[in-house]
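Here's a quick tour for anyone meeting this structure for the first time. Have a look at the model, then read on.

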Amino acid sequence: MTQEKLTEKINMSINQLSNIENSHSLPTIETLMKLCEALRVTPDYFLLGVSHGKSTEASSINAITQKALLCTEKQQGLINAFISLLIAENY
């Protein structure tokens, strides 16, 4: 998702988002929740990272899931088909 699309979804300027991304400012709780909703992640994704306290396998699966949530439905369908192909071919 581009910064432009994200800022439109959460009603924020690109400069504000850039400042948060570059640690020049901290988001309010309200902004954090809007970001989570727009990106379809939980707050712990931002606050703790995807691998905090999890096994390597669970971290990998969680990382894949978090990335897939940022994709369109069509892209998610392609991801699913690719994983199915990997399983079918015993990769």
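## Ile 79

Ile 79 is partly exposed, with a relative accessible area of 28%; partly exposed sits between buried (under 20% relative accessible area) and exposed (over 50%), using a 1.4 Å probe and protein chains only. Ile 79 belongs to helix H6, residues 73–88. Helices here are DSSP runs (H or I, at least four residues), numbered from the N terminus.

Skip the neighbours within four places in sequence, and Ile 79 is in contact with Ala 68 and Cys 71, where contact means heavy atoms within 4.5 Å. Ala 68 is 11 residues away from Ile 79 in sequence, and their C-alpha atoms are 7.6 Å apart.

## About the model

This is a predicted model, in which local features need pLDDT of at least 70, side-chain atom pairs count only at pLDDT 80 or more, and totals for chains, interfaces and linings use all residues. Residues are numbered from 1 along each chain as its sequence is written, and side-chain values use heavy atoms, leaving out hydrogens and water.

## The two sides of H1

Over to helix H1, residues 3–10: its buried residues are Leu 6, Thr 7 and Ile 10. They span an arc of only 95° around the axis, so they sit on the same side of H1; the arc is taken from the directions from the helix axis to the C-beta atoms. Lys 5, Glu 8 and Lys 9 are exposed on the other side of H1.

Helix H2 (14–21) and helix H3 (29–39) are among what covers the buried residues of H1. Just after H1, Asn 11 has a positive phi of about 55°.
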